[in-house]
Amino acid sequence: MSKTKTTGMTHYEILFIVPNKFTDDEAKAVASRIEKIITDGEGKITLREYWGKKRLAYEIKHNAFGYYGLFEFDLEGKNLAKVDQTLRLSAEVLRHQIVAKKTKTEEEIARETKIRAKIDSKKAAVEKKQEEKTKIPSSSPVASKTKDKRVDLKDLDEKLEGILNADDLI
């Protein structure tokens, strides 16, 4: 048996970016064409997510924004190279990345759900404690002093914008 030979279907995940030169509807059409490329390669799509327009961390080919999409699919290893090559040569896809994804067992999913529930309950408890801490009775003299000194961040942002946009700066 060869080290490079794969048998059976492997679970993959692809994240792709469609350039901003397309509209939202055209980007969705590109996503459906990518889906067709995968299914033509005898793959089976198990998850479809369209994230929409997002700002890129840095410009790629003079694009500051792109439409993101994520698919999970099962595909034989021998057909993966063809799918990757087709997407690499496509002008409709700015970037893409395909990674093999480990399929989770029901046991792992249940354990992650339990952990997520614990994390959410702890976050809720911390938020509740923060709300109780920030609530000070309005009749106390301490509350009136601190209320006058507090400044809203929106007010600060507006003042800063006014200063930066002023014409009489040096």
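This is a predicted model: local features need pLDDT of at least 70, side-chain atom pairs count only at pLDDT 80 or more; totals for chains, interfaces and linings use all residues.
Which residue forms a salt bridge with Lys101, with the closest N and O atoms 2.6 Å apart? Hold that thought. I'll come back to it.

The chain has 170 residues, and 25% of them count as buried. There are five helices and four strands. Along the sequence, the pattern reads β-α-β-β-α-β-α-α-α. The chain exposes about 13,500 Å², and carbon and sulfur atoms supply 54% of that.

Now contacts. Take those between residues at least 6 apart in sequence. Of these, 72% join residues at least 24 apart.

Start with β1, residues 9-19. Eight of its 11 residues are buried, so β1 is largely enclosed by the rest of the structure. β1 and β3 run antiparallel, joined by 11 bridges. In that pairing, Pro19 stands opposite Gly66 of β3. β1 also runs antiparallel to β4, residues 95-100, with six bridges between them. There, Tyr12 has Ala100 in β4 as its bridge partner.

Is Asn63 buried or exposed? Its relative accessible area is 13%, so it counts as buried. Leaving aside neighbours within four places in sequence, Asn63 is in contact with Pro19, Asn20, Lys21, Leu56, Tyr58 and Leu94.

Next, the inside. Nonpolar side chains tend to be buried together in soluble globular proteins. Here, the largest nonpolar core has 20 residues. Ile34, Ile38, Phe71 and Phe73 have the most contacts inside it. Which elements give two or more residues to this core? They are β1, α1 (24-40), β3 (63-76) and α2 (77-89). Helix α1 gives the most, with five residues.

Look at Ile38 up close. Not counting residues up to four places away in sequence, Ile38 touches Ile14, Gly43, Ile45, Phe71, Phe73, Leu75 and Val83.

Now back to charges. Side chains of opposite charge can pair when their charged atoms come close. The count here is nine salt bridges. And the residue I asked about is Glu72: it pairs with Lys101, the closest N and O atoms being 2.6 Å apart. Glu72 sits in strand β3 and Lys101 in the loop between β4 and α3, so this pair ties together parts that are 29 residues apart in sequence. Glu72 is buried, at 12% relative accessible area. Lys101 is partly exposed, at 31%.

Lys101 has another partner. Glu13 forms a salt bridge with Lys101, at 3.4 Å between the closest N and O atoms. That pair links distant parts of the chain, 88 residues apart, with Glu13 in strand β1. Put together, Glu13, Glu72 and Lys101 are linked in a network of salt bridges.

Another pair is Lys28 with Asp24, where the closest N and O atoms are 4.0 Å apart. Both lie in helix α1, four residues apart, about one turn of the helix. Lys28 is partly exposed, at 42% relative accessibility. Asp24 is partly exposed too, at 33%.

Last, the surface. Val151, Leu153 and Leu156 form a nonpolar patch there, with about 290 Å² of accessible area together. Where is Val151? In the loop between α4 (141-149) and α5 (153-164). Val151 counts as partly exposed, because its relative accessibility is 48%.

That's my tour. Thanks.

Notes:
Residues are numbered from 1 along each chain as its sequence is written. Side-chain values use heavy atoms; hydrogens and water are left out. Patches are made of residues with over 30% relative accessible area and no salt bridge: like charges are joined within 9 Å, nonpolar side chains (Val, Leu, Ile, Met, Phe, Trp, Tyr) within 5 Å. Accessible areas come from the Shrake-Rupley method with a 1.4 Å probe; for residues, only the protein chains shown count as cover. A salt bridge is a side-chain nitrogen of Lys or Arg within 4 Å of a carboxyl oxygen of Asp or Glu. Buried means under 20% relative accessible area, exposed over 50%, partly exposed in between (1.4 Å probe, protein chains only). A nonpolar core is a set of buried Ala, Val, Leu, Ile, Met, Phe, Trp, Tyr and Cys residues joined through side-chain atoms within 4.5 Å. Contact means heavy atoms within 4.5 Å. Two strands pair if DSSP finds at least two bridges between them.
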